[in-house]
Amino acid sequence: MNIQALMNQAKNMQKDMMKAKEEIDKMTFIGESSFVKVEVRGSKEVVKVTINEEISNEDKEMIEDMIVIALNQAFHKVDEETEKRLGKYTSMMPGGLF
């Protein structure tokens with residue numbers, strides 16, 4: 001196999017990876033525990049946090065908002081660390097990896 005064929009294969013793989021990543025980013029995932037339910041997008045964006053009805057309404061709204069903020073901050077830190085560690089690899093690929 002020649003270098004041009006390898007480059008085309010790598011380019012096609014990158015396109016497939018990007019398409020899959022875009023599809024995942026648009027999906028919604030749900031996580032649940034005893035008192036909390038969270039909905040997040042594949043892009044790690046928190047869409048909604050629901051606290052069980054057993055908690056008072058005043059406390060519930062504040063806690064839900066605080067959880068959304070904290071989760072999004074944590075996801076941002078994950079992205080920063082990923083870029084710090086993997087950026088050198090993705091920068092070698094045309095257009096990056098993600």
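Author: Start with the layout. From the N terminus on, the elements of the protein chain run α-β-β-β-α. That comes to two helices and three strands. Helices (H or I, at least four residues) and strands (E, at least two) are DSSP runs, numbered from the N terminus.

This is a predicted model: local features need pLDDT of at least 70, side-chain atom pairs count only at pLDDT 80 or more, and totals for chains, interfaces and linings use all residues. Residues are numbered from 1 along each chain as its sequence is written, and side-chain values use heavy atoms, with hydrogens and water left out.

The mean for the protein chain is 83, and 88% of its residues reach 70 or more. Confidence is highest in strand S1 (residues 28–32), at 89, and lowest in helix H2 (residues 57–90), at a mean of 83.

Now the core. A nonpolar core is a set of buried Ala, Val, Leu, Ile, Met, Phe, Trp, Tyr and Cys residues joined through side-chain atoms within 4.5 Å. Buried means under 20% relative accessible area, exposed over 50%, partly exposed in between (1.4 Å probe, protein chains only). The largest core has five residues: Val38, Val40, Val46, Val49 and Ile51. Strand S2 (36–41) and strand S3 (46–51) each give two or more residues to this core. S3 gives the most, with three.

Look at Val38. Contact means heavy atoms within 4.5 Å. Leaving aside neighbours within four places in sequence, Val38 is in contact with Phe29, Ile30, Gly31, Lys48, Val49 and Leu71. One of these, Val49, is also a member of the core. Across the protein chain, buried residues make up 14% of the 98 residues.

Next, the charged pairs. A salt bridge is a side-chain nitrogen of Lys or Arg within 4 Å of a carboxyl oxygen of Asp or Glu. The whole structure holds five. One of them joins Arg41 and Glu45, with the closest N and O atoms 2.8 Å apart. Arg41 is partly exposed, at 32% relative accessible area. Glu45 is partly exposed too, at 38%.

Another salt bridge links Lys60 with Glu53, the closest N and O atoms being 3.1 Å apart. Here Lys60 is buried, at 12%, whereas Glu53 is exposed, at 59%.

How values were computed
pLDDT = per-residue confidence, 0-100.
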